[in-house]
Amino acid sequence: MNILNIFDERLIPLDDWIQGAVDWLVTNFRDEFQTMKLPIEWTLDGVNVVLHWVPPLVMLVIFALLAWRTAGWRVALFTAVSLALVGFLGLWGDTMTTLAMVISAVVFCVVVGVPVGILSARSEAVASFVRPILDVMQTTPAFVYLVPVVMLFSIGTVAGVIATIVFAMPPLIRLTALGIQQVQEDAIEAATAFGSTSNQILWKVQMPLAMPTIMAGLNQTIMLSLSMVVIAALIGAGGLGNPVFRGLNTLNVGLAGIGGLGIVLLAIVLDRITQGLGKPPERRRAS
């Protein structure tokens, strides 16, 4: 070994170890991983069928009413115009597929992320264990873990949802924990003085007061889910990422452009609606 150029020779074959570990998992536990994806597949299929079964005009009215109740008439008008534009661009089916993927990913992020956030807020040991895992989930480029996801779960929309869950869950866990930790001690002491149990303090004091922060985390999770749409299209996930991906492959700027426009409009609609859900009712009515 040349002592002055000590990095000429690779001494740590980490890439080989990772490849070997994934190959071992695929060889020995592929059936188990295929079983693990069934709840996600059932949820995705159910949401997808409903969204495609409802006539577009009815769905547009439902979204406009939802936006009006949560964020005011301006957002309702924007929602109606945006969804109508998406439909007239010929992207309605892809938009509903993308919406089904986002809803499915967010459901599983909430089911797993909120309890983990609560545990992290109440236990420093749990927080210390979870924090580096969240760092890895947030900072690892999505293209890196697409390969093991495909090897373990096959290509398709379900694999895209799984990759989206991994990418989008950390903000919800972090902001759930932060929201609970920021609840004023006075409120907790008052609840304790009235004889509330630990669970009553959590569900009747901490969670309601932390709800705006938790909703901010949910909003971030939805936005990150939409940002994964194009990347998930690389593994056959479909949806609005599909026209973008096809446009890139064929250098069709128009096709990629309308796909990107559809993603942006859907992101703005979902962002405004979830932001409205986090506001007090009197502020929603004033919008």
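R131 is partly exposed, with a relative accessible area of 39%. The partner of R131 is E124, and their side chains meet in a salt bridge at 3.7 Å, N to O. E124 counts as exposed, because its relative accessibility is 53%.

Before going on, a word about what is on the screen. This is a predicted model, in which local features need pLDDT of at least 70 and side-chain atom pairs count only at pLDDT 80 or more, while totals for chains, interfaces and linings use all residues. Residues are numbered from 1 along each chain as its sequence is written, and side-chain values use heavy atoms, with hydrogens and water left out.

Back to the charges. Side chains of opposite charge can pair when their charged atoms come close. For us, a salt bridge is a side-chain nitrogen of Lys or Arg within 4 Å of a carboxyl oxygen of Asp or Glu.

Another one joins the side chains of D135 and R174, at 2.7 Å from N to O. D135 lies in helix α6 (residues 124-139) and R174 in helix α8, so this pair ties together parts that are 39 residues apart in sequence. When I say helix, I mean a DSSP run of H or I with at least four residues; strands are E runs of at least two, and both are numbered from the N terminus. D135 is partly exposed at 37% relative accessibility, and R174 is partly exposed too, at 30%.

Then there is R272 with D271, whose side chains meet at 2.4 Å, N to O. Is D271 buried or exposed? D271 is buried, with a relative accessible area of 9%, whereas R272 is partly exposed at 35%.

Let's stay with D271 for a moment. D271 sits in helix α13 (residues 253-277). Leaving aside neighbours within four places in sequence, D271 is in contact with N219 and M223, where contact means heavy atoms within 4.5 Å. N219 belongs to helix α10 (residues 198-227) and counts as buried, at 6% relative accessibility. Not counting residues up to four places away in sequence, N219 touches D271, T274 and Q275.

Now for the nonpolar part. In soluble globular proteins, nonpolar side chains tend to be buried together. We call a nonpolar core a set of buried Ala, Val, Leu, Ile, Met, Phe, Trp, Tyr and Cys residues joined through side-chain atoms within 4.5 Å. Here the largest nonpolar core has 81 residues, and I165 and L270 are those with the most contacts inside it. Which residues does L270 touch, not counting those up to four places away in sequence? The answer is F63, L99, V102, I222, M223 and L226.

V166 is in helix α8, and V166 is partly exposed at 27% relative accessibility. Beyond its neighbours within four places in sequence, V166 is in contact with M137 and Y145. V166 and A105 are 61 residues apart in sequence, yet their C-alpha atoms are 9.1 Å apart in space.

Y145 takes us to my last stop, helix α7. Helix α7 covers residues 142-153, twelve residues in total. Which residues of α7 are buried? They are A142, Y145, L146, V149, L152 and F153. Seen down the axis of α7, these buried residues fall within an arc of 140°, so they line one face of the helix; the arc is that of the directions from the helix axis to the C-beta atoms. An α-helix has 3.6 residues a turn, so residues three or four places apart point the same way.

On the other side of α7, F143 and V144 are exposed. What covers the buried residues includes α1 (14-36), α8 (157-181) and α11 (229-233). And just after α7, S154 takes a positive phi of about 70°.

Conventions: Expected span 1.5 Å × (residues − 1). Buried < 20%, exposed > 50% of the residue type's maximum accessible area, 1.4 Å probe, protein only.
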